[in-house]
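Dear colleague,

Please find the structure below, handed over for your records. My notes on its contents follow.

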Amino acid sequence: NSRGGLNGELSFSTTTSPKAEPIQYTSLNPNFRTISPNHVAPPPPNTVNSSTTTQSPPQISIKSTGQYRAYSPQHFYQNRTLDQYASQSINPITLRQLIVFGRNLTEERIIKSGNYVRSELPVRIAHRIRDFQNLPFIVGTNPHLAKVYDLYWFAFEKLRKFPPIRSIEENNEWCKTIKGLLKDHLVVIPQLAMGIMECSEHLSGEQIDRFMNTMLRSRISRRVLAEQQIALTENWHDSSYTYDQSENDGWIGVISTHCKANEIVEKCAKMARSFYKTFYDVEPPQVLVDGQVDTTFAYIPDHIEYIVHELLRNSIK
């Protein structure tokens with residue numbers, strides 16, 4: 001048996017005994033490939049029953065990381081770099097702070113915001129990796145959850161290695177990096193859902209709720225930080241952009257300071273009613289907006305629209 005260094009980059013175990021244990025190999029390096037955890041080395045060819053005969057090395061077949069995942073204790077529990085980040089506390093930020101900070105954009109503020117996001121994202125994702133590691137081992141080997149775990153590890157390595165931002169040009173590169181990661185992580189929600197569903201017999205309802213709530217809340221917060229930095233950078237490069245609180249839109253990054261309650265409810269009601277007409281061929285009830293219909297507030301429109309749409313769909317159903 002042989003083990004790699006504590007940095008978790010390499011771990012493997014082999015045996016040539018007749019009753020061989022599965023050969024396992026795992027690597028954080030994307031250039032390496034993963035050997036099937038279910039693979040058992042066949043006996044070497046032309047074996048002669050003789051005490052003086054030396055057996056040739058076992059034959060192994062290699063499969064892509066997308067098919068199998070072999071976990072090593074080193075990868076899970078002994079990564080000192082992950083410990084350094086997972087032991088740090090998260091620095092929360094409110095919607096109001098994002099609004100106040102983004103009202104008057106300057107080059108200094110863009111760079112300062114970029115460095116805050118650069119320092120915060122690795123810590124937040126390290127906490128989620130640790131949550132994966134605290135799952136029962138059999139749950140962690142589920143291919144859907146393993147894919148999310150790999151995505152998080154890759155993002156963690158990429159984020160933590162990005163150097164400090166000192167110029168707008170470096171901030172532009174940072175935004176390209178997080179844009180790519182946001183795109184890569186679009187598959188996280190369906191993969192998490194399928195993985196947890198397949199592993200439901202190994203977790204209690206309370207454990208599932210706690211794990212999924214933590215994952216989803218953290219995902220929302222990370223995406224808000226990343227998308228806000230990207231949007232502020234785009235605003236900075238747009239020579240025609242100026243924030244005017246008296247305007248109807250009042251956008252600061254991804255935040256609208258003039259969300260209109262009436263318009264949001266009517267828009268979501270239209271989508272919810274159309275859904276039931278199209279897929280169930282029924283005439284859904286009308287949605288009436290009452291109360292202070294002229295109310296405006298600051299929020300992220302995509303988030304509030306998703307919430308209202310789900311509430312209305314459930315109510316119509």
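Helices in these notes are DSSP runs of H or I with at least four residues, strands are runs of E with at least two, and both are numbered from the N terminus. The model is a predicted one, in which local features need pLDDT of at least 70 and side-chain atom pairs count only at pLDDT 80 or more, while totals for chains, interfaces and linings use all residues. Residues are numbered from 1 along each chain as its sequence is written, and side-chain values use heavy atoms, with hydrogens and water left out.

Surface patch

A nonpolar patch on the surface is formed by Tyr299, Tyr306, Ile307 and Leu311, which together have about 420 Å² of accessible area. Such areas come from the Shrake-Rupley method with a 1.4 Å probe, and for residues only the protein chains shown count as cover. Patches are built from residues with over 30% relative accessible area and no salt bridge; like charges are joined within 9 Å, and nonpolar side chains (Val, Leu, Ile, Met, Phe, Trp, Tyr) within 5 Å. Helix 11 (residues 301-316) contributes the most to the nonpolar patch, with three residues. Ile307 is placed in helix 11 and counts as partly exposed at 40% relative accessibility. Here, buried means under 20% relative accessible area, exposed means over 50%, and partly exposed lies in between (1.4 Å probe, protein chains only).

Salt bridges

The structure holds 13 salt bridges, each defined as a side-chain nitrogen of Lys or Arg within 4 Å of a carboxyl oxygen of Asp or Glu. As background, side chains of opposite charge can pair when their charged atoms come close.

One of the salt bridges joins the side chains of Asp131 and Arg128 (2.8 Å, N to O). Both residues lie in helix 4, three residues apart, about one turn of the helix. Asp131 is partly exposed at 21% relative accessibility, whereas Arg128 is buried at 9%.

Glu157 also forms a salt bridge, with Arg160, and their closest N and O atoms are 3.0 Å apart. These two residues are separated by about one helical turn because they are three residues apart in helix 6 (residues 143-160). Glu157 counts as buried at 16% relative accessibility, and Arg160 is partly exposed at 26%. A network of salt bridges links Glu157, Arg160 and Lys161.

A further salt bridge brings together the side chains of Glu234 and Lys179 (3.6 Å, N to O). This pair links distant parts of the chain, with Glu234 in helix 9 (residues 205-237) and Lys179 in helix 7 (residues 168-184), 55 residues apart. Glu234 is partly exposed, with a relative accessible area of 45%, and Lys179 is partly exposed at 42%.

Surroundings of Arg128

Arg128 is found in helix 4 (residues 107-133). Its side chain makes a polar contact with the side chain of Ser218 (3.3 Å). A polar contact is a pair of N or O atoms within 3.5 Å; within protein, one must be able to donate a hydrogen and the other to accept it, and residues adjacent in sequence count only if both atoms are side-chain atoms. Apart from neighbours within four places in sequence, Arg128 is in contact (heavy atoms within 4.5 Å) with Tyr152, Thr214, Met215, Ser218 and Arg222.

Cysteines

With a disulfide taken as a pair of cysteine sulfur atoms within 2.5 Å, the count comes to zero disulfides. Cys259 is buried, with a relative accessible area of 4%, and Cys268 is buried at 0%.

With kind regards
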